[in-house]
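Here's a quick tour of a fold and its packing. Have a look at the model, then read on.

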Amino acid sequence: MNYNETKIRVRYGETDQMGVVYHANYAVYFEVGRTEWLREFGLCYSAMEEEGVMLPVVSLSINYKNSARYDDVLKVKTTLKKLPTASIEFEYELRNESNELLATGNTILAFIDKNRNRPMRCPKYLLDKLQNYSL
């Protein structure tokens, strides 16, 4: 499988007075998708950080298509765009229960050596876990 799908229910606090999801929350939904994608491969941010690897977002783009609303159940589809090198790139689709496309997006995260605060290559253990990943 080359992607992960995660469901998220829109909470009231994520919306404006009209019940529409505030635009910045889409980045949070993408983060949830990315975190669950990593979990699917037996990885998590906290374990990576304990091993001295940080993954800051260096690029984020979101294309809004339709509005998500309070109490919608959203599906975030997270796909790894290519095998990581010194960065890792994900693409996203956000859909509602009617399968209506609400947003698409892209993030690039850099691998940073926590102790040196310098860029680094993707850790070998991550590449090993992705060796059978079909892109």
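Which ring does the charged end of Lys77 sit over? That would be the ring of Tyr3, with the charged end 4.5 Å from its centre; a charge sits over a ring if NZ of Lys or CZ of Arg is within 6 Å of the ring centre and within 35 degrees of the ring normal.

Some ground rules. This is a predicted model, where local features need pLDDT of at least 70, side-chain atom pairs count only at pLDDT 80 or more, and totals for chains, interfaces and linings use all residues. Numbering starts from 1 along each chain as its sequence is written, and side-chain values use heavy atoms, leaving out hydrogens and water.

On to the aromatics: the structure holds 6 aromatic pairs (Phe, Tyr and six-membered Trp rings with centres within 6.5 Å; planes under 30 degrees apart are stacked, over 60 edge-to-face, the rest tilted). Trp37 and Phe90 are edge-to-face, because their ring planes sit at 75 degrees, with centres 5.0 Å apart. Since Trp37 is in helix H1 and Phe90 in strand E5, the pair ties together parts 53 residues apart in sequence (helices, H or I of at least four residues, and strands, E of at least two, are DSSP runs numbered from the N terminus). Both partners are buried (under 20% relative accessible area, with over 50% exposed and partly exposed in between; 1.4 Å probe, protein chains only):

| Residue | Relative accessible area |
|---|---|
| Trp37 | 0% |
| Phe90 | 2% |

Ring pairs also link Tyr26, Tyr29 and Tyr64 into a cluster.
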